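Thank you for making time this morning.

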Amino acid sequence: MKNLIKKINIDWILIIVFTICFILIGPASILNKKISHSYPYNILASDAGGELAFLRGLKEVGGYRYLAPHLCAGFEDCIGFHPYVYTHLTAIFSFTSGLDAHNIHILFASVFLLISSILMFLIIRKWNKQIAYLSLPLMLFVFRPQFRIGLMWGWYDVFVASSFILISIYFLMDKNLEKKWMVLSILLAASFITHVYEMFYITAIYFVYFIIKGIINRKIEKSNLIFLFKVGILTAILISYYAIVLKLVWSSPKLFRGADIAQWYDPLFSHFMILKYFIIAGLVISPFIFKKKAKIPLLIGGIMLFFGFNPMHTSAIRTFQIRYLWPVYLAVFFGISIYFILRIIRLNKRIISFSIGFILLITISFVYYEPLANIGLINQNHWDAFVWVKENTDKNANIAVFYGDSYNQEAILWNLFRTEFRIVESSFIKNIEDNKITKFFEGYTGSPGDVGFAYWKSFLKVGKHLDEEVERLEGIKNICLFDYLLFDKISRQPVLAQYNLIIANKLIESKNFGITYQNEEVAILGNMNYNENCIEEGKINE
Amino acid sequence: MNKTKITNVLNLIKKDFLYLLISYLIAITIFKIGFYKESFFSLARILFSFYWLFVIPGIFITYTFSTRMKFIERFFIGFGIGAAIIGLISYYAGLIGFHVKYHGFLLPLIVVGVAIIIILKKKDRD
C-alpha cells in the first residue's frame, strides 16, 4: 500500500479535482443533481427531442438498416441515413445501465466531453506538464454561454466524435505511429459515422502535420506514405456502406458557400470574457517561444481556431459546432500565456504551475457557476401523454397534433412513436382570424424528412416517398379521419389554447370523438365513428 | 509469444486492473458528490456500464500496440478507442439484423477476446 501511495501521480489529483468541478458545474447542475428523471429533463430544442426519438426508435427496432416507421411518416422501408454510431452507443449504454432512454443523452454526452477535455490535457502534458496544468481550467468554459449550446440543444454526437479526434491527434505524439494504423482507421471510420465532419478535421490535421514534417525534414518518408495508404484503404472499407448511403440520399452540397453568420445562440470568441486576452496572448507568443519545434497541441489549437472562423467558407466545416469545444482546443494558448508570465517572474516551477492550475479550477468553478436545471420543453404531463400514446394505441395509428407551445420544436413530437400530423400555427391563426370552426387544417407529417423519406428502389437506386406522395404527407387535411387528436389545454398563447378546447368540445359534443386520455395539460381524443363530417362548420362566436 | 512476455503482460494487466478498481471507486465518489440525489446503486451501475462497455475493451486494445503506456493515458485513450470500436461494430451488427439489446453483453467480450488473441500472437510492440 505504501508503494502504491508513493506511485500516485499528482496529475491524477488535478484530474480528479477537474472532474469534480466539471461534474458539479456541468451535468449535475443541468440535471438538477439527479440522473434518473421520470420525464426527459432539460430538453431545450428540437434536435434534443430528435436524438431522444432516434434512440428510442433504435432500442425498438434493433438496428439501423431502416428507420423505425414512426420516424418515416409510417413507411417501413426508409433508409437509415443519419450517422448512427452515437445512437448505437447510447442504446447499448441504456440497456446496460438500466437507464431509460430519456435519461441518457445529457449524461452520456457530458462524460465524453469530460473525456475529450482530459485527452486534450494529456496531449498538452505530453509536451509540457506545466502548460497542461495551467490549460485545464479554461476547459470548464464548455459550460459557459454559449459554448454549452451543443450540450443543451442536442448536438451530442459532436462530443463523442471530438474524443475520437483527440485520440487520433494523441497518436501523432507517440512514436511508432505506423503500428497504430488499424486503430487510427477505426477512429476515422467511427468519427465519420458519428458526425461526418470530424473525420475531415482529423484528415486535415494529419495532412498539415505530414506537410510540415516533410518541409522540416525536406523529404517525405516512404513509411509515412505506406502508413497513410493503409489507413486510407481500411477506413474506406469501414465507411463504405454509410458513404454510399450518404452519397445517394443526401443532395451534394456545394464545397464552398457564403460566409457563416453567427446567430444569437452561436458561440463567439468574446464569450471567453476577460480570459480571451490570455488566449490571444498565448496565440501571439507561442510561435516565438516554441518556434524551433512543431508542437502538436499548438497545431490542434491553431487549426481548430482557424476552422472555427472558417474563412474559406467551406461546407466541409461546421463552423459554429467546432466552437462548442473551443474551451478545450484553445486551452493550450491560455496555459501558454500564464506559463509565460511565470517564466518572466522566474516562478515556472512544476509545483507552482500545479497550484495555480488547482486554484484556477476552483476559482472558475465558483465564479462562473450557474444553476442550469430546467424542466425543459417536455414536462411530466406531456411525457405521460406521449407514453400513453405509445403504449395504448395501435402502432399504425395516426394522430393529428393541435397547437402546443413547444411543438414548433417539432422533433419532440417524434416521441409519440406514431405517425403524427402537426397542424401549423398559421392554420390556427387563420381560422381564428376568420372566426371559423372547421374540420380542415393545414399541416405536415412530422418525421426527419431531411432526405425526403428515401428508400431503396433497386440496387444503388434511391426513391423518395416525399416526392412521390407529397399530397398524403402534407397540406390541408380533414381531422375527422385521424385515429387520435392531441390537444394542449394550457398555453402561453391563451387564444390558441381556447381554440383548441373549442374544437375539442365540439368534437366530443358531436359524439364522433371521445376522450381516451387526459391530464392537467393534455387531452387525447379517439375517433369513434370516422365520420367525415365529425364537426359542424360554423363560427366561433355563435 | 514467449513465456516471459506473457508473464510481463499478465503482470501489467493485473496492475492496471487494480488501478481500474481504484479509479472506479473514485469515480463513484465523484459522481455521488455531483449527483447526490441519485441512488448509490444506480450510480454504481451507470459507471460500471461505462467501464464495461468502453474502458475495459479499450484498455485491452491498447495492450495490442503498447505495453509502455502509463495507466493515466491508457485509461482515457482506451475509453475513446473502446467507444469507437464498440460503436462501429454495433452499427454494422445492427445493419445485419443482430438486435442492439444484445450488444452490451457480447461486444465487449468479443473485443477483449480478439485483443487477447492479438496480444498472444504479437511478436513485438513498443
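Let me start with His382(A), which is buried at a relative accessible area of 8%, where buried means under 20% relative accessible area, exposed means over 50%, and partly exposed lies in between, computed with a 1.4 Å probe on protein chains only. This histidine sits in helix H19 of chain A, residues 380-392; helices (H or I, at least four residues) and strands (E, at least two) are DSSP runs, numbered from the N terminus. Leaving aside residues up to four places away in sequence, His382(A) touches Tyr407(A), Asp488(A), Glu521(A) and Val522(A), a contact being heavy atoms within 4.5 Å.

Before going further, please keep in mind that this is a predicted model, in which local features need pLDDT of at least 70 and side-chain atom pairs count only at pLDDT 80 or more, while totals for chains, interfaces and linings use all residues. Residues are numbered from 1 along each chain as its sequence is written, chains are lettered from A and ligands numbered from 1 in the order in which they are written, and side-chain values use heavy atoms, with hydrogens and water left out.

Now to the disulfides, each being a pair of cysteine sulfur atoms within 2.5 Å; the search of the whole structure finds two over all chains. One of them joins Cys72(A) to Cys78(A), with 1.5 Å from S to S, and this link is left-handed, at -60 degrees about the S-S bond. Cys72(A) has 0% relative accessibility and therefore counts as buried, and Cys78(A), at 1%, is buried too. Another disulfide connects Cys480(A) and Cys534(A), S to S 1.9 Å, and it links distant parts of the chain, 54 residues apart, with Cys480(A) in the loop between strands S7 and S8 and Cys534(A) in the loop between strands S10 and S11 of chain A. Both Cys480(A) and Cys534(A) are buried.

Let me turn to the interface, where 67 residues of chain A are in contact with 52 residues of chain B. The two chains bury about 5,300 Å² between them, 76% of it on carbon and sulfur atoms; buried area is the accessible area (1.4 Å probe) that two parts lose on being put together, summed over both. In chain A, the residues that lose the most area to chain B are Trp12(A), Lys33(A) and Ile92(A), together 11% of what that side buries.

How many salt bridges run between chain A and chain B? The count is one, where a salt bridge is a side-chain nitrogen of Lys or Arg within 4 Å of a carboxyl oxygen of Asp or Glu. Its partners are Glu73(B) and Arg125(A), whose closest N and O atoms are 3.6 Å apart.

Arg125(A) also meets Asp11(A) in a salt bridge, at 2.3 Å from N to O. Asp11(A) lies in helix H2 and Arg125(A) in helix H6 of chain A, so this pair ties together parts that are 114 residues apart in sequence. Both Asp11(A) and Arg125(A) are buried.

Over all chains, the structure holds 15 salt bridges. Among them is the pair of Glu370(A) and Arg144(A), with closest N and O atoms 3.2 Å apart; Glu370(A), at 26% relative accessibility, counts as partly exposed, whereas Arg144(A), at 12%, counts as buried.
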